[in-house]
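Let's take a walk through a protein complex together. Have a look at the picture, and then we'll go through it step by step.

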Amino acid sequence: MLELSILLPAILNGLTTGAIYALVALGLTLIYGVLHIINFAHGSLLMLALYAAFFLHAVAGIDPYLALPIVVPLLFAVGYGLQRFVIGRASHGKDENILLVTLGISVIIENLALYLWKSDTRTIETPYSFSVVNFGVANIPVPKVVAFAGALVVAALLWLLMTRTDLGRAIRALAKERLGARLVGINVDHVFAMSFGIGCACLGAAACLLLPGYYVSPHVGHGFVLVAFTVVVLGGMGSFVGALLGGFIIGVTESVGGLFLGESLGQLAIFVIFIAILLFRPTGLLGQKA
Amino acid sequence: MLDVIGVTKRFGGVVATDAVSLSVPAGSISALIGPNGAGKTTLFAQISGFVKPDAGEIRFEGASLLGRAPEEICALGVVRTFQIVQPFAGLTVRENIAVGAHLHRRRRREALDHADAVAERVGLGPQRDKQAAALTIAGRKRLELAKALATDPKLILLDEVMAGLNPSEIDEIIPVIRAVRQSGVTVLLIEHVMRAVMNLSERVWVLNDGALIADGTPAAIAADARVIEAYLGHGAASAPAAAATAHA
Amino acid sequence: MPRSLQIALFVAAMAPLPLVIGSEFWLAWTTLALFYAYLGQSWNILAGYGGQFSFGHALFFGSGAYATAMLQIHLGLNAWAGFLLAAAAAAAVGAAVGYLVFRYGLRGSYFALVTLAFAEAFRVVANSLGITGGGVGLLVPLKPSVATMQFPEKSGFFWLVLALVGLGLILTAWLERSRFGARLMAVRENEDAARAIGVDAFRTKLAALALSGALAGSAGAVYVQMYLYLDPGIAYGPGMSIEALLAPIVGGLGTIFGPVLGAFALHGIAEIGKVGLGQAPGLNLVLYGVLLVLMVMFMPNGLFGLGRVTLRRLLPGVRNA
């Protein structure tokens with residue numbers, strides 16, 4: 001049995017990584033869990049947001065945390081536009097078409113990034129990049145702690161949005177009954193686009209919180225797509241709390257799994273969980289039975 | 001031919017079918033009627049293997065149907081149609097029917113020929129090459145019937161085959177159903193169109209709130225106080241009998 | 001014109017090309033286009049005719065590729081035998097995955113995601129095992145000869161791939177007029193309705209997945225023979241999965257010649273793009289992505305579908321062009 005002194009830091013690390021996964025998954029939960037749109041471009045949109053935060057820092061010296069008010073609305077606009085003018089027009093009523101069109105979008109974004117910014121990975125340095133917070137058993141880097149807190153805040157904000165605002169009610173109505181929602185005057189195209197926009201805005205937040213202490217490259221999105229879907233499915237479609245929980249579970253599993261099996265096989269645990277959930281418990285931990 | 005014994009199904013707190021028992025004699029046309037939500041389609045779904053009963057037994061020609069997959073039950077000779085028509089939209093009418101024909105025919109030519117014959121029987125002959133998606137509702141209903149007939153069934157469960165048809169279309173399809181029975185296929189209908197029920201069936205079962213409340217000949221059922229109350233509400237049975245049978 | 005004649009004419013028209021095309025570059029280009037057509041045919045069988053959209057078709061491609069590579073390198077097996085075993089291995093993977101996935105009723109988007117997850121899982125495993133060469137990959141020893149399926153003349157590969165495309169065309173045509181195909185298409189249109197009239201949807205889908213897998217696996221084997229190198233990224237990465245689905249979608253899903261038309265159109269446009277946009281990395285794929293998005297938005301029936309619609313409008317009597 002592994003000593004606690006090795007296991008506990010791994011768990012703590014897993015929790016903070018899991019927070020990032022959760023943050024990325026929160027936006028996807030809204031898009032996929034509530035609207036049933038398979039957004040294959042989720043990872044590449046995150047990458048876009050990371051580059052935005054990166055260049056704001058590299059060119060204008062803006063700290064990523066301070067770039068939130070710029071990157072979040074930017075991603076919102078991109079998401080709104082994509083859904084309103086591209087994805088919405090492509091579905092023709094079939095799920096598969098949305099899969100394909102978002103796949104196409106992700107290919108475009110990734111390879112444009114490859115062409116414009118080359119494949120080098122880039123990182124930034126901030127005054128707090130290397131500071132740590134001591135939690136007794138382990139020292140956790142400041143950026144990870146901030147990310148952890150940020151995930152909780154975003155989840156809370158999303159929950160407030162969905163339950164306390166008119167827009168949130170409209171989104172939930174749309175998720176349950178599209179025709180009925182139209183009949184009561186909800187502008188379906190607009191609300192769909194708003195939801196997608198908000199989902200992407202979450203990615204903007206995730207990027208700003210993630211960048212210090214991480215890196216950006218055109219392919220960075222890849223690693224996040226399946227993990228994000230795994231988190232969404234694990235937590236239960238449409239449940240934000242579930243996405244948080246799922247993120248933590250996945251993060252810890254990857255971290256502890258990596259301890260026992262080596263890093264690359266730790267990733268395997270994620271795919272196995274994904275497949276297992278879809279097969280045996282598709283409603284996830286907290287989702288509602290169809 | 002078909003023995004339904006004490007079949008019960010619960011969905012959450014709702015009892016969809018409540019210890020329903022009935023026996024369909026071979027070679028007959030019988031009907032299952034009742035207000036909306038009475039459990040008729042759920043019973044069909046249980047007989048045809050799409051829903052598993054919580055209790056009870058279902059036997060066809062002596063063999064139990066419980067636990068068998070829908071395709072197995074179809075191979076045994078029991079075929080159902082769907083209340084909300086389910087055509088194979090991207091295929092032509094002939095190709096649709098041929099899928100059913102393939103149950104007992106291996107070769108494509110045979111299946112297509114049989115499909116043509118069945119199409120004629122239900123009156124879809126001229127539309128054999130049309131895309132199923134292009135049919136009117138009346139056409140789709142006939143297609144639904146044709147697909148099922150092509151499997152050479154012994155018992156056919158018709159779920160509201162007349163819903164959405166106008167009176168002349170109903171008049172056209174009644175002889176088709178009679179012809180189906182003439183050809184040796186037993187028919188069990190779910191129907192709301194009372195005219196058709198009275199016209200076609202020898203035996204009627206009435207479901208209400210999941211339970212069987214009456215069974216007998218069409219005439220007896222129409223005069224049955226419980227049946228009248230199930231459809232028209234409590235106390236309606238005391239209204240003149242003439243009013244109840246006036247618009248059958 | 002009967003299908004068999006169409007197919008025969010196509011193959012007959014293509015066969016003399018190596019003798020006619022002077023440039024080695026264009027011969028290789030045509031061979032590659034045919035290769036992607038073949039891969040697309042495999043995807044088309046499952047998605048176009050079966051309605052199951054796989055986003056991880058590399059799972060079968062890579063399994064076939066690794067099978068033949070490992071058998072040749074570790075056991076000295078003959079490449080032609082390896083080719084057959086690759087198809088069998090990939091079919092087995094398809095059957096195993098299909099058994100799990102269809103037994104638990106995964107359909108639509110879930111099916112697409114799960115195939116992707118399997119492909120990624122296999123990639124991670126291939127990356128970690130010694131027998132697959134880990135991240136470094138596998139090199140098949142160079143021994144040019146027909147017996148080792150390393151054709152000394154490049155035209156050898158052309159004819160091999162052309163024969164495979166012909167096989168794919170024949171298989172697809174068979175689907176359109178067989179009992180199995182009719183059942184498969186019924187399942188594609190409406191699974192419950194199909195089951196109600198006697199179609200065993202589970203076995204039908206399983207068989208389609210195994211067949212599609214076998215074809216993709218054999219494509220993997222051919223790839224290994226052409227390039228003599230394989231690594232987890234090539235075998236199981238998203239590249240092949242995307243190529244597999246692009247050709248049929250562009251050319252026309254659920255049609256016999258769709259994948260062929262799509263593969264040539266796609267790679268033709270890519271070639272033109274290279275001339276116009278230069279050899280910059282990534283721009284080619286941007287073009288692919290744009291094409292995919294445009295196709296789904298405006299021509300969901302692909303080029304073939306467009307042709308059919310046009311024909312129907314021009315000649316109202318025409319049904320199945």
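Of the 248 residues that make up chain B, 47% count as buried. Keep in mind as you look that this is a predicted model.

What is chain B built from? It has 10 helices and 10 strands. Its radius of gyration is 18 Å, close to the 18 Å that the globule rule gives for 248 residues, so chain B is as compact as a globular protein of that length. Now think about which parts of the chain meet: among the contacts in chain B with a separation of 6 or more, 62% are between residues 24 or more positions apart.

Next, let's see where chain B meets chain C. The contact takes 26 residues from chain B and 19 residues from chain C. On chain B's side, at least two residues each come from helix H2 (70–76), strand E6 (78–80), helix H3 (93–101), helix H4 (108–122) and helix H5 (137–149). Sort the side of chain B that touches chain C by class, and you get 13 nonpolar, 6 polar and 7 charged residues.

So how confident is the predictor? For the complex, it gives an ipTM of 0.89 and a pTM of 0.88. Chain C averages a pLDDT of 89, and 93% of its residues score at least 70. Take care with residues 317–321 of chain C, though: pLDDT stays under 50 there, and the model has 6 contacts beyond four places in sequence for this stretch.

Note on methods:
Residues are numbered from 1 along each chain as its sequence is written. Chains are lettered from A and ligands numbered from 1 in the order in which they are written. This is a predicted model: local features need pLDDT of at least 70, side-chain atom pairs count only at pLDDT 80 or more; totals for chains, interfaces and linings use all residues. pLDDT is the predictor's confidence in each residue, from 0 to 100. Two residues are in contact if their C-beta atoms, placed from the backbone, lie within 7 Å. Helices (H or I, at least four residues) and strands (E, at least two) are DSSP runs, numbered from the N terminus. The radius of gyration is taken over C-alpha atoms; the globule rule is 2.2 Å times the number of residues to the power 0.38. A residue is buried if 20 or more other C-beta atoms lie within 10 Å of its own, exposed if 12 or fewer, and partly exposed in between; C-beta atoms are placed from the backbone. Ala, Val, Leu, Ile, Met, Phe, Trp, Tyr, Cys and Pro count as nonpolar, Asp, Glu, Lys and Arg as charged, and the others, Gly among them, as polar.
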